[in-house]
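Here are my notes for you, written as numbered points. Keep the structure open while you read and find each residue as it comes up.

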Amino acid sequence: MSLRAVLFNFNGVIVDDQPLHQQLIDQIVIDENLRPRPEDYWQFCLGRSDRAGLKDLLTNRGRVVTEAYLAKLIAQKSQAYQQQLVAMEVLPIFPGLTALVAQLQNAEIKLAIVSGALQAEIQVVLDKAQLSSNFEVIVTAEDSPVSKPAPDGYLLAVDRFNQKCQALELESAECLAIEDTFTGITAAKQAGIPVVGVAHTYPFHMLQRQANWTVDNLAQLELDRIQAAFEGSAPDPK
């Protein structure tokens, strides 16, 4: 068995935007005449889609959230997010990403993004960072209405690779996920995909307990070592 595809989370793995997301979520809470609580973002929103996170956060704070109102909040947040990113002179892309993407492509490993972010949010980053052509499959919140930690997004990514090329016959065990949250690690593992945990959001020692491999940053990911593990025997999910 060999490593044939790498599936990246987006927020917290490709782009360092978690502080921006928390700021925008806090503004929604303030607009609801509530006091922002940092622990709410970490409990309800981190690693999850805005639809799932906002709904659970506001419900927990005693607000009744209809689907129409939730859609309005998501659209407003997304617009503000995109406007702030477009205005940045330098995108907060994580160091080591561009080199890792090039290394994977040189090894003829297919690339995908599996995220709870909206398509427009992902696209504005990829376009500005000149990375759009590198990812063959992109699964977004619009594609998979069930948020991580459910495995649906990852399973859909594998299926889309196979739809693009029926002869590929890609299996989950031949993929590698790169995640920064416990929620994302759980989603990948439930899909049967081994995981590299990158300590962009949580400390190394916390991710190490759950991921198959753990690195402090993307530059530390040793592709040769991971490929050797796949070619020997795929690592069993912990």
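Predicted model: local features only at pLDDT ≥ 70, side-chain atom pairs only at ≥ 80, totals over all residues.

1. One term before we start: a residue counts as buried when its relative accessible area is under 20%, and as exposed when that value is over 50%. Is Lys 148 buried or exposed? Its relative accessible area is 8%, so Lys 148 is buried.

2. Where does Lys 148 sit? Look in the loop between strand 3 (137–139) and helix 7 (152–164). The side chain of Lys 148 has a polar contact with the side chain of Asn 9, at 3.1 Å. That side chain also reaches the backbone oxygen of Val 114, at 2.9 Å. Setting aside residues up to four places away in sequence, Lys 148 touches a list of others, including Gly 47, Arg 48, Tyr 154, Glu 179 and Thr 183.

3. Time to zoom out. The protein has 10 helices and 6 strands. Its radius of gyration is 18 Å, close to the 18 Å that the globule rule gives for 238 residues, so the protein is as compact as a globular protein of that length. Along the principal axes, the C-alpha atoms fill a box of roughly 55 × 35 × 35 Å.

4. Buried residues make up 51% of the 238. The protein exposes about 11,000 Å², and carbon and sulfur atoms supply 49% of that area. If you take contacts between residues at least 6 apart in sequence, 63% of them join residues at least 24 apart.

5. Next, find strand 5 (residues 195–198). In a regular strand, side chains alternate between the two faces of the sheet.

6. Strand 4 (residues 175–179) runs parallel to strand 5 and is joined to it by 3 bridges; here Ile 178 has Val 196 as its bridge partner. Strand 6 (residues 213–215) also pairs with strand 5 in the parallel sense, over 3 bridges, and Val 198 has Val 215 as its bridge partner there. Trace the chain from strand 4 through helix 8 (residues 182–190) to strand 5, and you have followed a right-handed β-α-β unit.

7. With a relative accessible area of 18%, Thr 201 is buried; the cut-off is under 20%. The side chain of Thr 201 makes a polar contact with the side chain of Asp 180, at 2.5 Å. How far apart are Thr 201 and Gly 12? They are 189 residues apart in sequence, yet 6.7 Å apart in space, C-alpha to C-alpha. Beyond its neighbours within four places, the contacts of Thr 201 also include Gln 18, Trp 42 and Leu 46.

8. Last stop: helix 3 (residues 50–60). Its buried residues are Asp 50, Ala 52, Gly 53, Leu 54, Leu 57 and Leu 58. What covers them? The cover includes helix 1 (18–31), helix 2 (38–45), helix 4 (67–87) and helix 6 (119–128). After helix 3 comes Gly 62, with a positive phi near 90°.

Notes. Residues numbered from 1 in each chain as written. Heavy atoms only, no water. Pairing = 2+ DSSP bridges. Helix = DSSP H or I, 4+ residues; strand = E, 2+ residues; numbered from the N terminus. Right-handed = clockwise from strand over helix to strand, strands pointing away. Rg over C-alpha atoms; globule rule 2.2 N^0.38 Å. Buried < 20%, exposed > 50% of the residue type's maximum accessible area, 1.4 Å probe, protein only. Contact = heavy atoms within 4.5 Å. Areas by Shrake-Rupley, 256 points an atom, 1.4 Å probe, with all protein chains shown as cover. Polar contact = N/O pair within 3.5 Å; in protein donor to acceptor, adjacent residues only side chain to side chain.
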